[in-house]
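Take a first look at the protein below. Let the eye follow the chain from end to end before reading on.

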Amino acid sequence: MNRYFFALNLSHKSKKQLIRWRDSELPLPCHPVAEDNLHITLAFLGVLTDELKQQLLTGAGLLADTLKHEEITPLTLNRLGYFKRPKVLYLANDDIPDWQNELAAGITKQALDVGLNQEQRRYLSHITLYRKVRALPKELPLPNMLIPIDRFSLFQSLSTETGVRYQAVKTWQLTVSQDAG
């Protein structure tokens, strides 16, 4: 069964920038996350019925509409972190803008409202760089990258012969298109 999550999409250019930085500044002998799988999670959902998925899609559309006229500021990725239990090394933005907190909180509330369990801790904005990290280097580089965000998606996690792949089910724009009008 496929698992689902909401996440901020990263542009192709931002993904390339992150991979270049990771490979040059932080080459580790463990499992790097594939470029196409880089994202910033807003909320994990788990396995969904078609009915639950439809309810969450509708709610996400309403949330996207409420953010249409807010300034969606770029994220400054400025800190590395480590989750011990899953052995994950991540890149984070310490200063989470209001729009991102509102979106993450809104999606989490919708998930709770339809009966899905959600973690009861403060939202941590991050991009997983490596999995199965057994030991951290003694010195970690200090990142400082500006990443523009213009959309978010409901993703499904697909198991393939070459590993897990994340596929967008539906995407919502957070900014008004520059081509409009």
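This is a predicted model: local features need pLDDT of at least 70, side-chain atom pairs count only at pLDDT 80 or more; totals for chains, interfaces and linings use all residues.

Three helices and 10 strands make up its secondary structure. Their order from the N terminus is β-α-β-β-α-β-β-β-α-β-β-β-β. The radius of gyration is 16 Å, close to the 16 Å that the globule rule gives for 181 residues, so the protein is as compact as a globular protein of that length. Along the principal axes, the C-alpha trace spans about 45 × 40 × 30 Å.

Now look at the packing. Of the 181 residues, 46% count as buried. Take the contacts between residues at least 6 apart in sequence: 76% of them join residues at least 24 apart.

Next come the charges. The protein has 22 positive and 19 negative ones, and their mean positions are 9 Å apart. How many salt bridges are there? The count comes to six.

One of them joins Glu35 and Lys16, at 3.4 Å from N to O. Glu35 sits in the loop between β2 and β3 and Lys16 in helix α1, so the pair ties together parts that are 19 residues apart in sequence. Glu35 counts as buried, at 19% relative accessibility. Lys16 is partly exposed, at 34%.

Another salt bridge pairs Asp94 with Arg79, at 2.5 Å. Asp94 lies in the loop between β6 and α3, while Arg79 belongs to strand β5, 15 residues apart. Asp94 is partly exposed at 43%, and Arg79 is partly exposed at 26%.

Glu119 and Arg121 also meet in a salt bridge, at 3.0 Å. Glu119 is exposed at 51%, and Arg121 is exposed at 56%.

Technical notes:
Residues are numbered from 1 along each chain as its sequence is written. Side-chain values use heavy atoms; hydrogens and water are left out. Helices (H or I, at least four residues) and strands (E, at least two) are DSSP runs, numbered from the N terminus. The radius of gyration is taken over C-alpha atoms; the globule rule is 2.2 Å times the number of residues to the power 0.38. Buried means under 20% relative accessible area, exposed over 50%, partly exposed in between (1.4 Å probe, protein chains only). Contact means heavy atoms within 4.5 Å. Lys and Arg count as positive and Asp and Glu as negative; His and the chain ends are not counted. The place of a charge is taken as NZ of Lys, CZ of Arg, CG of Asp or CD of Glu. A salt bridge is a side-chain nitrogen of Lys or Arg within 4 Å of a carboxyl oxygen of Asp or Glu.
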